[in-house]
Amino acid sequence: MAADMARQGWHVLPQVLDPTDCSAFRGAYDDDAWYRRTVVMQRHGFGRGEYRYFRYPLPDRLATLREAFYPPLAHLANEWAGQLGRAQLYPGDHATYLAQCALAGQSRPTPLILRYRVGDYNCLHQDLYGAEHFPFQIAILLSQPGEDFEGGEFVIVEQRPRMQSRAHVVPLRQGDAIVFAVNEAPRAGTRGTYRVKLRHGVSEVRAGERFTLGVIFHDAS
Ligand SMILES: [Fe+2]
């Protein structure tokens with residue numbers, strides 16, 4: 001993962017959720033009890049489609065994923081902070097990191113589920129939610145490409161200093177997770193480390209329905 005992250009700013013972890021888990025999350029999309037806020041993307045110019053932020057306490061499976069993924073990512077985050085010349089040190093466990101977010105006035109949960117239908121898409125963006133942000137996030141595809149939907153590719157664009165931008169189209173299967181850089185990534189160059197800016201989005205869904213789970217590690221203000 002560290003090698004992929006250094007090279008391209010993203011890494012795919014295959015089969016993080018099984019089809020039963022995926023369908024449970026999809027099936028709970030309309031159950032209002034789980035969510036604190038629903039966003040209709042076209043109302044904000046974010047794209048087209050809908051997403052819902054979970055409320056605390058998160059569903060068990062999601063809380064477990066968020067806690068379990070955090071420690072190895074925090075280790076890598078500290079390495080990146082050093083390479084980017086940042087003083088920031090990320091604590092080793094997620095509960096301590098959330099306490100740090102709360103001190104910065106960020107205590108609303110950010111994990112979300114997104115639903116794209118035919119014609120829906122997500123513009124290139126970053127999920128920052130405040131001054132305090134963890135450098136990595138995870139998206140898990142809950143639907144099966146080719147069966148549940150067509151189109152709807154996960155896209156990452158890296159903006160490189162004094163160079164043209166580069167796009168990545170990430171192949172994902174149902175249950176796969178992509179770990180990717182939220183904002184900046186250090187890149188080794190011939191004259192030392194340079195920074196690239198990353199943004200992510202989803203291309204237009206051409207058929208069916210596509211659900212994704214987003215696991216963001218910082219909380220929102
Ligand atoms: Fe996002």
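I138 stands opposite V179 in strand 11. The model is predicted, with local features requiring pLDDT of at least 70, side-chain atom pairs counting only at pLDDT 80 or more, and totals for chains, interfaces and linings using all residues. Residues are numbered from 1 along each chain as its sequence is written.

Strand 7 and strand 11 run antiparallel and are joined by five bridges. Strands here are DSSP runs of E with at least two residues, numbered from the N terminus, and two of them pair if DSSP finds at least two bridges between them. Strand 1 also pairs with strand 11 in the antiparallel sense, over four bridges, and W10 has F180 as its bridge partner there.

How many residues of strand 11 (residues 177-181) are buried? Five of the five are, so the strand is largely enclosed by the rest of the structure; buried means that 20 or more other C-beta atoms, placed from the backbone, lie within 10 Å of a residue's own. A177, V179 and A181 cover one side, while I178 and F180 cover the other. In a regular strand, side chains alternate between the two faces of the sheet.

Strand 7 (residues 136-141) pairs with strand 15 (residues 210-216) as well, antiparallel and over five bridges, with I216 as the bridge partner of Q137. V215, also in strand 15, counts as buried because it has 21 C-beta neighbours inside 10 Å. Its contacts (C-beta atoms, placed from the backbone, within 7 Å) include Q137 and I138.

The open sheet holds seven strands in the order 1-11-7-15-5-4-2, with antiparallel pairing.

Methods
A residue is buried if 20 or more other C-beta atoms lie within 10 Å of its own, exposed if 12 or fewer, and partly exposed in between; C-beta atoms are placed from the backbone. Two residues are in contact if their C-beta atoms, placed from the backbone, lie within 7 Å. Lists of a residue's contacts leave out its neighbours within four places in sequence.
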